Amino acid sequence: MTLAARAPAALADEHLQQALGRITDRYRLVRARARETPDTDDRKHRAGALRREILADLDGWIDRVTSSLERVGAVVHRCATAADAAETVVAIARAEGSRLAVKSKSMATEEIHLNAALEAIGVEVIEGDLGEYIVQIAGERPSHIITPAIHKTLGQVADLFSPLAGHTLPVEREALCAFARDHLRTKFLNADLGITGANFVAADTGTIVLVTNEGNGRMATTVPRVQVSVVPIDKIVPRLADLGAILPLLTEHATNQSITAYLSMTTGPRRAGEIDGPEVLHVVLLDGHRRDLVGTPYEEMLACIRCGACLNACPVYAKVGGHAYDSVYPGPMGSVLTPLLSGGTEGRDLPFASSLCGACTEICPVGIPLADLLVRLRADLRTPGPVVPARVGRTPPGRAGPQAGPGPVSSPGTRPPAAGFPWPGADAALSRQPWYRSLGWSIWARVWSRPRLYRATLALGRLVTRRRSGWCRRLPGSGGWTATRDLPSLAQPGFRRLWTDREHRR
Amino acid sequence: MTDAVSLLSERLRANRCAVHGPVDRGHLGATIVAVLGALVDSRPVALPSAPDPLLDAPGVTAAFADWPGSVDVIRPDSPRWPDEIAGCCVGIAVATLAAADLGIVAVACSPGAPRSLTLLAPTILLVVRAETVHHSFEDAWGALASGSLASGALASGVSWISGPSRTGDLEMILTWGVHGPARVEVVIVTSDPPADVIGAAAGIDGAGIEVSR
Ligand code: SF4
C-alpha cells in the first residue's frame, strides 16, 4: 500500500486535520523566528559545516568515538544492522537479568524495533516520554519525530489513560499530565534498565548528549543500574564544544524554544563514590546502512539533526500526517531516509509523494538539500533493489581533517544541484509510463529545451487562458492533476515581460 | 550587577524560573530560608553532602538551624538517602556554571551531589555564583566541554537546567511539571562578602532579596 492509498483516510480524519493545523502553526513560528534573527544563515552554515566534518572520514570518527567511550568506562558494541542492534540489547538485558526497562525518547530504538524485541524475552518496556507513552499504550507508532502523539486529542488520551488509572480521568491537560507523572514515576524508580538514544555523541570526550523537556532523559540516566544507549553513527560530532553552536539551532527548529528545559551529558558510568547514575553503561553504535551513503549525494542526510522542522514545513505531511507514510521517519527527511536505511525494501513510493516545493530545504537548519535528494531518489528507485547511487567526487564544505579546529565557515549544500531533466535514469522512468504519457513528456522535453519554442508555447498558453482561471476543468492524460482542481490561467503578463519592463525603467 | 548576571536573571525568568539576588555570601542562608519558607513542609529538604564550601559556610548553617518551624535535612552520605530522596519537598544544589543569553544553569554531579538531588523533588533551588556566569551559551558550553574549569575533568553526569519540566505532547500546548521539578528557584550569589556581614548573617530576614516570577 502506498502513501497515496493511505491518504484518503487521513484526509477524512477530522481530529487529525485539527492536530495538523497546530503543526503548521509551529512551522510559521519557527520560520518567522529564523527570518527575524539576523545571523540565522551564518549559524546554519556553521552548524552545517560542523555536522559534515565527520563525512570525510566516518570510519575514523567511529574509531575515535569508540576509544573515547571506552576510555571513560562505557562498553561499546558496533552493530552493522538494525537487527544486530536489537539482538545486542536483548543479549545485554538477558545477561543483566533486566525485568523493567524505562526509555527516554529515541527514534533510533524505533528504527531497530527494540520494544518488541525486549518484550519477546519478557522485559517490561515503558516509554518515558509522555508522547511516546501515549503512542505505546495506543499500540501505534510515533506520527512525528518530535511530538509523537500529535495525532491524539486530549479526549483520546483520557480514554487511553483511564483504564490504567482504574477510574475515569477528566479531559484536562493538568490532570492527565499529573496521572502520567505519578504512574511513570513508579516505573522510573523501579526500573533496572535505562534505555536512551542520543541526540549527539562527542568523539573527543565520549559524552552522550540528550535534549529533553520533560526530564525523561534525566530519569533514564539517573535511576537504573544499567544503561544502554543506542547511538546511530551519524550522531557523532568531532568535539563536544561543537554542540554549543548546534544545540540552540536544534531546539529553535524543533520546538521554537531558544533552549529546552534540560540538556543531559553522560560521560561514562558512575564513578567511585557516586550513588546514582548507571553502574554499567553500554553504547550500541548502529550503522544501519548509513556508511553506504558516504561518498554519494545522499551522505547529506547524515548531517540531519532530527529537528522535525521539515515535517512541519511539508504541505504533504501537513495534510496526511505521519502515519500515512507507514515508516519510522515520516515527512521529507523520512521520504529520503526510509528507502535508503531499509536497503531499498521500504518506502519506495515516498520520494514520489512530494510536490518538490522546497519548503523543507529552506527550513532545514543544517542545509540539507531535501528536494534535490527526493528528485535523485525518484531516478535511483526506478531500478528495483537497493538504492545504488553514483559515487560523486566530494567537494568540501567544512570537511577539515580530524586535527583541524572548527571547520571553515562555508555553505552546506554547495555541491552542484541534482541534475535536472533529463536526470540519470529518466529514460527508464519514462519507459514505465503509459506510452501516450511518455510520448507526451518526450515531446515536452524537446520543445521546452529550446528557448524560442518555450517562449512561443507560453505565449500561446497565456493567450488561451487569458479570460479566466478554471475554464479548463479537465486535462485528459494529466494523471489526476486536474481531478481536484481546475487548470489555472497563466500569469499575465509573464515573468520575462515583467523583467524586461523593469530593466527598461532603470 | 554585571551585565551577564542581569541578563541571566532576565532570561531565567523568561524560562519560568524564580530568580533571587544577587546577594552576597553573608546573606545566602537567609535568602534560601526566605525563598523556601513557604515551600518546605514536613518532608525532608535534600542538600549536598557536607562540607559544601558554599552551603556549609557558617552563615548558611546558622540560617538553617534557625529555620522557622525547623527543617528535616537529608544528605547523600546519610543512610536515609536512597529511600527518602524521592520523597523530598526541595532539592538544593550549587551550579557549576551558567549561560546568560539562553538562561540556563549547568549542575555537575559528584559523590556529594548526585544526579537525583536536582531531579526528584517537586521544587529545586540552584545556587549560582556570579563569577561562573558566562555571557553566551557557546562560551559556557565550550568551557565545560573542554574541561577548562577549575574543577578539571568532565563529570560523569551534567544536567543543564533552564526551567521547570514541561511537555508539549498534549495537543501541543505546554503543560508544566512532568518528570522533573515543576518549580525552579535560582539564587545568585556574589563572591566576596564584606567582612562584617559574615558573622551577622544568621538572623537577617531576607535583606537584599529580590523575589520575582
Ligand atoms: S532534514 Fe533538516 S529539517 Fe529535517 S529533521 Fe533533519 S535537520 Fe531537521
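This is a predicted model: local features need pLDDT of at least 70, side-chain atom pairs count only at pLDDT 80 or more; totals for chains, interfaces and linings use all residues.
Trainee: What share of the contacts in chain B joins residues at least 24 apart?

Mentor: Among contacts between residues at least 6 apart in sequence, that share is 79%.

Trainee: How do I read a sheet, and what is the strand order in the open sheet of six strands?

Mentor: List the strands across the sheet, then look for the ends. Here the order is S1-S12-S7-S4-S2-S3 in chain B, and the pairing is parallel. The edges are S1 (18-23) and S3 (73-74), each of which pairs on one side only.

Trainee: Which residue stands opposite Ala46(B)?

Mentor: Opposite Ala46(B) you will find Ile74(B), in S3(B). The parallel pairing of S2 (residues 45-46) with S3(B) rests on two bridges.

Trainee: Now to S6 of chain B. Why is strand S6 described as largely enclosed?

Mentor: A general idea to carry with you is that side chains in a regular strand alternate between the two faces of the sheet. In this case, S6 (residues 104-108) of chain B is largely enclosed by the rest of the structure because four of its five residues are buried, with under 20% relative accessible area.

Trainee: Which strands pair with S6(B)?

Mentor: S5 (residues 97-99) of chain B runs antiparallel to S6(B) and is joined to it by three bridges; Ala98(B) has Val105(B) as its bridge partner. The hairpin of S5(B) and S6(B) has four residues between the strands, and Gly103(B) takes a positive phi near 65° there. S9 (residues 157-161) of chain B also pairs with S6(B), antiparallel over four bridges, with Val107(B) opposite Ser159(B).

Trainee: And the interface: how many residues does each chain bring to the contact?

Mentor: Chain A brings 66 residues and chain B brings 48 residues. Between them the two chains bury about 4,600 Å², with 59% of that on carbon and sulfur atoms. Arg173(A), Arg218(A) and Met265(A) supply 16% of the area that chain A buries against chain B, more than any other three residues.

Trainee: Last one: which residues surround the ligand?

Mentor: Look at chain A, where the surrounding residues include Cys304(A), Cys307(A), Cys310(A), Met333(A) and Cys364(A). By class, the shell divides into ten nonpolar, one polar and one charged.

Technical notes: Residues are numbered from 1 along each chain as its sequence is written. Chains are lettered from A and ligands numbered from 1 in the order in which they are written. Side-chain values use heavy atoms; hydrogens and water are left out. Contact means heavy atoms within 4.5 Å. A residue is near a molecule or strand if one of its heavy atoms lies within 4 Å of it. Ala, Val, Leu, Ile, Met, Phe, Trp, Tyr, Cys and Pro count as nonpolar, Asp, Glu, Lys and Arg as charged, and the others, Gly among them, as polar. Buried means under 20% relative accessible area, exposed over 50%, partly exposed in between (1.4 Å probe, protein chains only). Two strands pair if DSSP finds at least two bridges between them. Buried area is the accessible area (1.4 Å probe) that two parts lose on being put together, summed over both.
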